[in-house]
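The report below goes through selected parts of one chain. It begins with a loop and then turns to the helices.

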Amino acid sequence: MNARPPLTLLPLAAIAAAAWLLAAGPAEQQAPDEPSWPQAPARAHMPQPARLPAEPQAPGRQRTLPSSSTPTKVDRLPAEVPTPAVGAEGYGPQILRAIETGDARQAFEAAQQIDACRASNEQQLDALYQARAASPRLDVQRLIELMQAEMRRCQTLTPDLAAQQTALARRAMRGGVPGAAAMYSQLTNARPPAEDRSQLASQLQADAQDGDAAAVQQIATQAEPLQLPPDTAAVYQASYERLRRAAVFPERDGRDMAPQAPSPAPGQYVDGERVGRIVERVLMRQQMPPPRR
């Protein structure tokens with residue numbers, strides 16, 4: 001197999017953070033009538049990409065942008081966001097190569113890129129337009145261009161390629177790539193083919209013990225389909241509950257959006273030391289302070 005450079009993921013989180021930081025102002029924002037990436041009916045099938053949104057013009061749907069009660073004054077842009085090593089061909093051909101000849105890690109990178117392209121960048125782009133209009137002295141044009149270029153790269157993905165995400169995640173999980181088990185579990189609702197169930201459960205536990213919050217979440221909320229022993233499930237359910245209280249999982253509008261996990265049965269033994277180790281490793285990986293004792 002010919003060696004190929006790894007699929008480079010653009011750190012969209014940095015662009016998104018810059019967008020929200022620069023969008024200190026009105027909470028309401030005009031949006032184009034047609035979203036670039038509408039919500040897919042199922043994770044394994046990506047919709048056809050629509051055109052790039054133009055700058056906000058005519059009245060359309062109102063979108064609420066995250067805002068703070070005490071907006072932050074911004075006088076300069078964040079650090080430069082690197083451009084991915086992807087040419088005009090976009091992500092589609094790279095993902096096709098990962099499907100046809102890629103190793104386990106390249107398969108996981110391709111599956112991650114499919115997820116990244118599914119995420120709507122339109123709201124972040126609107127925030128950048130808003131910031132440019134509100135503060136002309138801020139040079140946000142570079143970030144706008146990066147976001148537009150990323151959306152064009154994503155438009156080279158076809159639904160057939162996106163439909164291979166589960167197979168890519170499976171290949172990565174079977175190859176032992178860290179983080180792949182949580183994605184594969186989510187894509188299959190923790191109900192993979194019988195031949196994968198044992199490896200998925202063991203790989204999830206290995207990743208969770210290494211501080212992977214997504215793996216902890218999958219084990220805690222999907223212990224029954226994963227067919228885990230009750231004492232093992234109780235450890236991860238208790239760990240997950242502590243991590244939820246520590247705000248590891250995202251909130252929206254002040255509400256905890258993390259799925260609920262069943263509580264250990266009354267009288268169920270829970271290994272507190274094991275719970276503590278899992279929680280500390282997740283918090284360390286998230287660069288959050290250790291839990292209070």
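## The loop residue L228

L228 is placed in the loop between helix 10 (213-221) and helix 11 (230-245), where helices are DSSP runs of H or I of at least four residues, strands are runs of E of at least two, and both are numbered from the N terminus. Although it belongs to a loop, L228 is buried, with a relative accessible area of 15%; buried stands for under 20% relative accessible area, exposed for over 50%, and partly exposed for what lies in between, using a 1.4 Å probe and protein chains only. Leaving aside residues up to four places away in sequence, L228 touches A201, Q205, I219 and A223, a contact being heavy atoms within 4.5 Å. The C-alpha atoms of L228 and S202 are separated by 9.8 Å, while the two residues are 26 apart along the chain.

## Basis of the model and the chain as a whole

The model is a predicted one, in which local features need pLDDT of at least 70 and side-chain atom pairs count only at pLDDT 80 or more, whereas totals for chains, interfaces and linings use all residues. Residues are numbered from 1 along each chain as its sequence is written, and side-chain values use heavy atoms, with hydrogens and water left out.

The secondary structure of the chain comes to 12 helices and four strands. Of its 293 residues, 43% count as buried, and among the contacts between residues at least 6 apart in sequence, 75% join residues at least 24 apart.

Helix 3 is mostly covered, since 11 of its 15 residues are buried. These buried residues are A104, Q106, A107, F108, E109, A110, A111, Q113, I114, C117 and R118, and what covers them includes helix 2 (91-101), helix 5 (141-154), helix 6 (159-162), helix 7 (165-174) and helix 8 (180-187).

## Two contacts of helix 7

Two packed helices are described by the angle between their axes and the distance between the axes. The axes of helix 3 and helix 7 come within 7 Å and cross at roughly 145°, the axes being lines fitted to C-alpha atoms over the stretch in contact, with angles running from 0 to 180 degrees between N-to-C directions. From helix 3 the contact draws on A104, A107, F108, A110, A111, I114, D115 and R118, and from helix 7 on Q165, L168, A169, R171 and A172. By class, this contact has nine nonpolar, one polar and three charged residues, where Ala, Val, Leu, Ile, Met, Phe, Trp, Tyr, Cys and Pro count as nonpolar, Asp, Glu, Lys and Arg as charged, and the others, Gly among them, as polar.

Helix 7 also packs with helix 9 (residues 194-209), at an angle of about 65° and with the axes 10 Å apart. R170, M173 and R174 of helix 7 meet E195, D196, Q199, L200 and Q203 of helix 9, a contact with two nonpolar, two polar and four charged residues. Q203, in helix 9, is buried, with a relative accessible area of 15%, and touches M173, G176 and A181 when residues up to four places away in sequence are not counted.

Helix 8 is mostly covered, with seven of its eight residues buried, namely A180, A181, A182, M183, Y184, S185 and L187. The buried residues of helix 8 pack against helix 3, helix 7, helix 9 and helix 10.

Just after helix 8, N189 takes a positive phi of about 55°; N189 lies in the loop between helix 8 and helix 9 and, at 49% relative accessibility, counts as partly exposed. A190 lies in the loop between helix 8 and helix 9, and its phi is near 60°, a positive value in a residue other than glycine. A190 is buried, with a relative accessible area of 0%.
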